[in-house]
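Colleague: Can you take me through the charged pairs in this one? I have the coordinates open.

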Amino acid sequence: QVQLVESGGGSVQAGGSLRLSCAASGRFSIISIMGWYRQAPGKQRELVATMATSGSATNYADSVKGRFTISRDNAKNTVYLQMNSLKPEDTAVYYCYVLTLVPRRIDTWGLGTQVTVSS
């Protein structure tokens with residue numbers, strides 16, 4: 001079973017930056033994908049960015065391309081999200097996501113960390 005601990009959320013003015021971190025721990029064999037989703041009030045949860053733990057394949061939401069960067073430290077089972085040029089519409093709860101496939105598929109979510117961007 002995977003446990004996720006998120007950190008780095010907070011409040012910032014538009015144009016500012018924040019860095020989110022998510023560390024995975026527990027009993028698991030291989031993490032296939034790590035990433036971030038977000039959910040704003042009254043909206044559905046949406047993908048922000050994901051990254052395969054092998055190779056360098058990444059996937060970003062169009063709304064964050066060029067502003068957010070996802071990275072990982074496999075040795076620490078940690079994924080990061082560097083968020084620059086933040087906009088008020090980036091305000092949401094950000095959830096860490098981990099996909100493990102061995103011995104079976106398990107999708108694990110963090111508890112979420114609030115990001116608030118004021119204009």
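Modeller: Arg38 and Glu46 form a salt bridge, with their closest N and O atoms 2.7 Å apart. Keep in mind that this is a predicted model.

Colleague: Is Arg38 buried or exposed?

Modeller: Arg38 counts as buried because its relative accessibility is 6%, under the 20% cut-off. Glu46 is partly exposed, at 36%.

Colleague: Which residue does Asp90 pair with?

Modeller: Arg67, through a salt bridge with an N to O distance of 2.7 Å. That pair links distant parts of the chain, 23 residues apart. Asp90 sits in the loop between β8 (78-83) and β9, and Arg67 in the loop between β6 (58-60) and β7 (68-73).

Colleague: And where do those two stand on burial?

Modeller: Asp90 is buried, with a relative accessible area of 1%. Arg67 is buried too, at 10%.

Colleague: How many salt bridges are there by this rule?

Modeller: Five. Another one of them joins the side chains of Arg105 and Asp107, at 2.9 Å from N to O. Arg105 is exposed at 52%, while Asp107 is partly exposed at 35%.

Colleague: Which residues end up in one network through shared partners?

Modeller: Arg38, Glu46, Arg67 and Asp90 are joined that way by salt bridges.

Colleague: Switching topic: which residues make the nonpolar surface patch?

Modeller: Ile30, Leu101 and Val102, with a patch area of about 260 Å². Val102 belongs to strand β9, which covers residues 92-102.

How values were computed: Residues are numbered from 1 along each chain as its sequence is written. This is a predicted model: local features need pLDDT of at least 70, side-chain atom pairs count only at pLDDT 80 or more; totals for chains, interfaces and linings use all residues. Side-chain values use heavy atoms; hydrogens and water are left out. Patches are made of residues with over 30% relative accessible area and no salt bridge: like charges are joined within 9 Å, nonpolar side chains (Val, Leu, Ile, Met, Phe, Trp, Tyr) within 5 Å. Accessible areas come from the Shrake-Rupley method with a 1.4 Å probe; for residues, only the protein chains shown count as cover. A salt bridge is a side-chain nitrogen of Lys or Arg within 4 Å of a carboxyl oxygen of Asp or Glu. Helices (H or I, at least four residues) and strands (E, at least two) are DSSP runs, numbered from the N terminus. Buried means under 20% relative accessible area, exposed over 50%, partly exposed in between (1.4 Å probe, protein chains only).
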